[in-house]
Amino acid sequence: VAEQTQEIDLANLPADIDVDTVAAIKDLDNVVVIDVREQEEYDEKHIPGVVLIPLGTVPDRLDEIPTDQTVVLTCRSGNRSNQAAEFLREKGYTNVHNMLGGINEWQAADYPVE
C-alpha cells in the first residue's frame, strides 16, 4: 500500500475517486473520510476511522469539515456523498471528493468494515 500511496497526488485527485484510491489514502494525516449516511446505517457497518456527519446535518456542521485537508465523502452507494460533495463545493471547498460506489463497493472489494 505504501508504494501505491506515493503515486497518488492528493492535490490532483479527481472529484470522484474509487475505493482502491480511498483505501490507499484514508489513513494519511491530511485526509478525512466522512460518512454522510444516517446513524443507524453507520452503526450497522462503516469504514474504520470515518467521521459520521449525516447528509441532513452537513450545512450545520461545516466547522467540522476541514478546508485544509483532503476530504473524502462516502455513503451507501455514492449518491448522498455526491450531493454532499456538490454542496461543499458550492460553499467554496476545493478539496472534496466523492467515493464512487459507497460502502457497497468498499465491501465488494473486500475492504474492512466495523
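What share of the contacts in the chain with a separation of 6 or more is accounted for by residues 24 or more positions apart? In this predicted model, the share is 62%, a contact being heavy atoms within 4.5 Å. Local features need pLDDT of at least 70 and side-chain atom pairs count only at pLDDT 80 or more, whereas totals for chains, interfaces and linings use all residues. Residues are numbered from 1 along each chain as its sequence is written, and side-chain values use heavy atoms, with hydrogens and water left out.

The chain contains five helices and five strands, taken as DSSP runs numbered from the N terminus (helices H or I, at least four residues; strands E, at least two). From the N terminus on, their order is α-β-α-β-α-β-β-α-β-α.

The five strands form an open sheet with parallel pairing, in the order S1-S5-S4-S2-S3; two strands pair if DSSP finds at least two bridges between them. Strands S1 (16–17) and S3 (51–52) are at the edges with a single partner strand each, so one side of each lacks a neighbour in the sheet. Strand S2 (residues 31–35) pairs with S3 over two bridges in the parallel sense, and Ile34 stands opposite Val51 in S3. Helix H4 (residues 79–90) packs on the sheet and touches S1, strand S4 (70–74) and strand S5 (96–99). The direction of H4 makes about 170° with that of S5 (axes are lines fitted to C-alpha atoms, for helices over the stretch in contact; angles run from 0 to 180 degrees between N-to-C directions).

Of the 114 residues in the chain, 43% are buried, that is, under 20% relative accessible area (1.4 Å probe, protein chains only).

Terms used. Buried < 20%, exposed > 50% of the residue type's maximum accessible area, 1.4 Å probe, protein only.
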